[in-house]
Amino acid sequence: MLVALLSALLSYQSIPSTPHQDALTLYKQRQYVKAAEAFIKTLESESEGSKDHRESVLLLGQSFYLSGKVREAIPWLEKASQSGVNGIEVNYMLGNAYAQARQPDKAMAAYAVMFGVAPNSAAAHLLTAQLMVRQEFEEDALSELGKALAINPQLPEAHYLLGELAIYRAQIDKAVEELTQEIALNPNFAMAYYKLGDAYTRREQWDLAIPQLQRAIWLNPNYSGPYILLGKSYWKRGDLQNAEGILRRALVLDPRNASAHYILGQTMIQAGKTDEGKKMLERSRELQR
């Protein structure tokens, strides 16, 4: 019995691997450049439409994409998308590849398929803008948001993104205008209040910032960002007791936030709690390191 098992094991180990399996191993090892080279070779011997061929097309496109060669990835990801392989993931990569290749219309079409919305719809342009913001293609994102609002001027979250981009560009008046419009359209959106409060803090208009940040917290009490800015606003206004309470709540939600530790430390030193304040400042420095 033991001899038979050993014989079967040796027989199994002696079976040569196929080029497809070798390419797949390189892909799983995240050696994407070598994997792409290997899949190109495997495609020469694989039957069109076979399971291995379809997998090679998909993983070749993904290997190019993951190695930063987005233009080389596009035709293979297009083929994979057309064959319906791994649909959402492929269209995400394809949309990103189009965006990085500065082909925004094709990016929008891929994202529309990914999210199941109509191409050239307001929703498709809004989603494309959001994903372009994440890739730091701000100009293309602004163009997509303009198209979205031209189709549907009442579209929720379009003005929010415009406001967020305006803050990023230090266009604070523009940010206040856009975020105010967003809140008028979408009064249940906590992030719009948070970003409007953020805009006011950048102009050091603490009394205007505080009610917006309070509204953000009332709508979403589990996000630390508004607490930190609200605590800062109270501190800057000299309301040390409220600042300390709000900042302690922020640290419950986000114990490793360096900014919250720093502002709380400054607040406590100003309130005469020097030793604990210094500990907070030291912790802030540790977290920044």
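Me: Why is Gly49 called exposed?

Reply: The structure is a predicted model, and every value here is computed from it. Gly49 has a relative accessible area of 52%. Exposed requires over 50%, so Gly49 is called exposed. Gly49 is placed in the loop between helix H3 (32-43) and helix H4 (51-66). Its C-alpha atom lies 8.8 Å from that of Ser83, a residue 34 positions away in sequence.

Me: What makes Asn120 exposed, and what is noted about its backbone?

Reply: The relative accessible area of Asn120 is 52%; the cut-off for exposed is over 50%, and Asn120 is therefore exposed. Its phi is positive, about 65°, although Asn120 is not a glycine. Asn120 sits in the loop between helix H7 (104-115) and helix H8 (122-134).

Me: Why is Glu157 called partly exposed?

Reply: Glu157 has a relative accessible area of 35%. Buried means under 20% and exposed over 50%, so Glu157, at 35%, is partly exposed. Glu157 also has a positive phi, about 80°, without being a glycine. Its loop runs between helix H9 (138-151) and H10.

Me: How do you know that Glu178 is buried?

Reply: The relative accessibility of Glu178 is 4%. Buried means under 20%, so Glu178 counts as buried. Glu178 belongs to helix H11 (residues 172-185). Leaving out residues up to four places away in sequence, Glu178 touches His159, Leu162 and Gly163.

Me: What makes the link between Glu178 and His159 a polar contact?

Reply: The side chains of Glu178 and His159 are joined at 2.5 Å. A polar contact is a pair of N or O atoms within 3.5 Å, one able to donate a hydrogen and the other to accept it; the Glu178 and His159 pair is therefore listed as a polar contact, at 2.5 Å.

Me: How many aromatic pairs are found in the whole structure?

Reply: The search finds three aromatic pairs. One of them is formed by Tyr160 and Phe189, with 4.9 Å between centres and 65° between planes.

Me: Why is the pair of Tyr160 and Phe189 called edge-to-face?

Reply: A pair of aromatic rings is described by the distance of the centres and the angle of the planes. Centres must lie within 6.5 Å, and planes over 60 degrees apart count as edge-to-face. Tyr160 and Phe189, at 4.9 Å and 65°, form an edge-to-face pair. Tyr160 lies in helix H10 and Phe189 in the loop between H11 and H12, so the pair ties together parts 29 residues apart in sequence. Tyr160 counts as buried because its relative accessibility is 7%, and Phe189 counts as buried at 14%.

Me: What makes the pair of Tyr194 and Tyr223 edge-to-face?

Reply: The centres of Tyr194 and Tyr223 are 5.5 Å apart and the angle between the planes is 90°. With a limit of 6.5 Å for the centres and over 60 degrees for the planes, the pair is edge-to-face. Tyr194 lies in helix H12, whereas Tyr223 lies in the loop between helix H13 (206-219) and helix H14 (224-237), so this pair ties together parts 29 residues apart in sequence. Tyr194 is buried, at 11%, whereas Tyr223 is partly exposed, at 33%.

Me: How do you know that Thr201 is buried?

Reply: Thr201 has a relative accessibility of 8%. The limit for buried is under 20%, so Thr201 counts as buried. Thr201 lies in helix H12. Neighbours within four places in sequence aside, Thr201 is in contact with Trp206, Ala209, Leu213, Leu229 and Ser233. A polar atom of the Thr201 side chain lies 2.6 Å from the backbone oxygen of Asp198.

Me: What kinds of residue line the largest pocket?

Reply: The lining divides into four nonpolar, no polar and six charged residues. Among the lining residues are Val133, Glu136, Lys195, Asp198 and Arg202. Tyr168 is also in the lining; Tyr counts as nonpolar. The pocket holds about 160 Å³ of space.

Me: Which helix gives the most to the lining of the largest pocket?

Reply: H10 gives the most, with four residues. Helix H10 (158-168) and helix H12 (190-202) each supply at least two residues of that lining.

Conventions:
Residues numbered from 1 in each chain as written. Predicted model: local features only at pLDDT ≥ 70, side-chain atom pairs only at ≥ 80, totals over all residues. Heavy atoms only, no water. 1 Å grid on protein atoms, 1.4 Å probe; cavity = no way out; pocket = protein on both sides within 12 Å on 5 of 7 lines; lining within 4 Å. Points joined across faces, edges and corners; volume = space filled by probe spheres on them. Buried < 20%, exposed > 50% of the residue type's maximum accessible area, 1.4 Å probe, protein only. Contact = heavy atoms within 4.5 Å. Phe/Tyr/Trp six-rings, centres within 6.5 Å; stacked < 30°, edge-to-face > 60°.
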